[in-house]
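Good morning, and thank you for the time. Please look at the chain as it comes up.

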Amino acid sequence: MDEAAIEAAKRHAGEEAAAAVGDGDVVGLGTGTTAAFAIRALGRRVDAGLEVRGIPTSYQSASLAREVGLPVVTLADATPDVAIDGADQVADCALLKGGGAAHAREKVVAGAADEFVVVVDERKVADQLEVPVPLEVLEPAVEPVRAAVASLGGEATLRAAAGKDGPVITENGNPVLDADFGPIEEPAALSDALDGVPGVVAHGLFVDAADEIHVGTAEDCRTRQC
């Protein structure tokens, strides 16, 4: 797909998900370029009279929401009726997220929502999850977590920041390890194993979390129920 087709596919997915949001809903606002299309579409609907509130998963999504006139609240204020977010890879209804290092907050908001809607372009759909799994970890636990990943058959690399020396640091103040397990045969089992590793704040496997997946193409959007 060329850049124009990719942008069109992201827009189709994001806008279709945003079109299903109802008046009065509280919406979890995901992070990333496809989720941004949904946030902009919600902003246009707010301009047209829709009453919704958004719960951002990152500074990026909060900033965009305010820019487009979408009122922002927190989980202390309200429970999301629906969360709309992207993914780095989708296989059936299992997801890998965390390319933007916002997966800890994204997982909290998605888990709190009554419905979790995933928006992706068709390049993100795969037969099997195989990209590295992002792990947000406590800084003192980097080496123990790296060793735990090795015991599970993976190799963890500290994610380096672009444009500055040192590692990527999340908005929660933690570094990120990218754990490469190759093709993931059993996402649920790996998710459970990573949940049990001390020092892992959140990993990027979202298993049995999505309710609906919107897959955008250059021409339209296909919706899959989970």
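I shall begin with the chain as a whole and then turn to one of its sheets.

This is a predicted model, in which local features need pLDDT of at least 70 and side-chain atom pairs count only at pLDDT 80 or more, while totals for chains, interfaces and linings use all residues. Residues are numbered from 1 along each chain as its sequence is written, and side-chain values use heavy atoms, with hydrogens and water left out.

The chain has a radius of gyration of 17 Å, taken over C-alpha atoms. For 226 residues a compact globule would come near 17 Å, so the two agree; the globule rule is 2.2 Å times the number of residues to the power 0.38. Of the 226 residues, 53% are buried, that is, under 20% relative accessible area with a 1.4 Å probe, protein chains only.

The secondary structure comprises six helices and 13 strands, taken as DSSP runs numbered from the N terminus: helices are H or I of at least four residues, strands E of at least two.

Now to the sheet. Four strands, in the order β8-β9-β7-β10, form an open sheet with antiparallel pairing, where a pair requires at least two DSSP bridges. At the edges stand β8 (155-158) and β10 (200-203), each with a single partner strand, so one side of each lacks a neighbour in the sheet.

Within the sheet, β7 (residues 133-137) and β9 (residues 176-180) pair over four bridges in the antiparallel sense. Val133 stands opposite Ala179 in β9. Helix α6 (residues 187-195) packs on the sheet and touches β7 and β10, a contact being heavy atoms within 4.5 Å.

Technical notes:
Axes are lines fitted to C-alpha atoms, for helices over the stretch in contact, and angles run from 0 to 180 degrees between N-to-C directions. Buried means under 20% relative accessible area, exposed over 50%, partly exposed in between (1.4 Å probe, protein chains only).
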